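Dear colleague,

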Amino acid sequence: MLFRSANTVVSTEQAKIQVVKTMASFAPALGMLGTLVALVHMLYGLDSADINEIGRSMAFAMTTTLYGIVIANLICRPLAMKMEQAQQQKLVTLNMWIEGINGMMARRHPVMIKESMDAFLMQNEQFESDTPHLAVAAL
């Protein structure tokens, strides 16, 4: 029962992470699509020779490209990395609970159970020190 619950949590978290990673991969493409639409609009406006309209279309084209890059690299990818770190930490915690409950069911001595819990906590601390922390500057 506990293993099934842990697998459900892991698969649910993994699906969420995959959605954010997919958003990160599509964001630059959508930015380029906006660029192309704006450039086509600009080319249609060349016959009228309205420099203001050409400038607005060019600005829109560059802005959509920038938005695609910003959304992918400053929002979605860091969010996916943070979600993966949280998933790993949750997995360690779930495994710790399973190990502790299995130890109690096997009627192991409480000191032995505590030592196995301490090993999980040390593993979690080592994982946290090995992974880089994300710092996103405010724009």
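Below are the notes on what was found in it.

This is a predicted model, in which local features need a pLDDT of at least 70 and side-chain atom pairs count only at pLDDT 80 or more, while totals for chains, interfaces and linings use all residues. Residues are numbered from 1 along each chain as its sequence is written, and side-chain values use heavy atoms, with hydrogens and water left out.

Confidence is given as pLDDT, the predictor's confidence in each residue on a scale from 0 to 100. The protein chain has an average pLDDT of 84, and 87% of the residues score at least 70. Confidence is highest in helix 2, at a mean of 89, and lowest in helix 3 (residues 110-130), at 77. Please be careful with residues 134-139, where pLDDT stays under 50.

Helices here are DSSP runs of H or I with at least four residues, numbered from the N terminus. Helix 2 covers residues 51-105, which makes 55 residues, and its first and last C-alpha are 79 Å apart, close to the 81 Å expected at 1.5 Å a residue; that expected span is 1.5 Å times one less than the number of residues. Helix 2 also has a kink of about 30°, centred on A72, where the bend is the angle between axes fitted to the seven residues ending at a residue and the seven starting there.

Contact means heavy atoms within 4.5 Å, and a residue is buried under 20% relative accessible area, exposed over 50% and partly exposed in between, using a 1.4 Å probe and protein chains only.

S57 is found in helix 2 and counts as buried because its relative accessibility is 4%. Leaving aside neighbours within four places in sequence, S57 is in contact with A38, H41 and M42.

T35 belongs to helix 1 (residues 2-44) and is buried, with a relative accessible area of 6%. Beyond its neighbours within four places in sequence, T35 is in contact with A61, T64 and T65.

Finally, R107 lies in the loop between helix 2 and helix 3. R107 has a phi near 60°, a positive value in a residue other than glycine, and is exposed at 76% relative accessibility.

With best wishes

Note on methods
Helix = DSSP H or I, 4+ residues; strand = E, 2+ residues; numbered from the N terminus.
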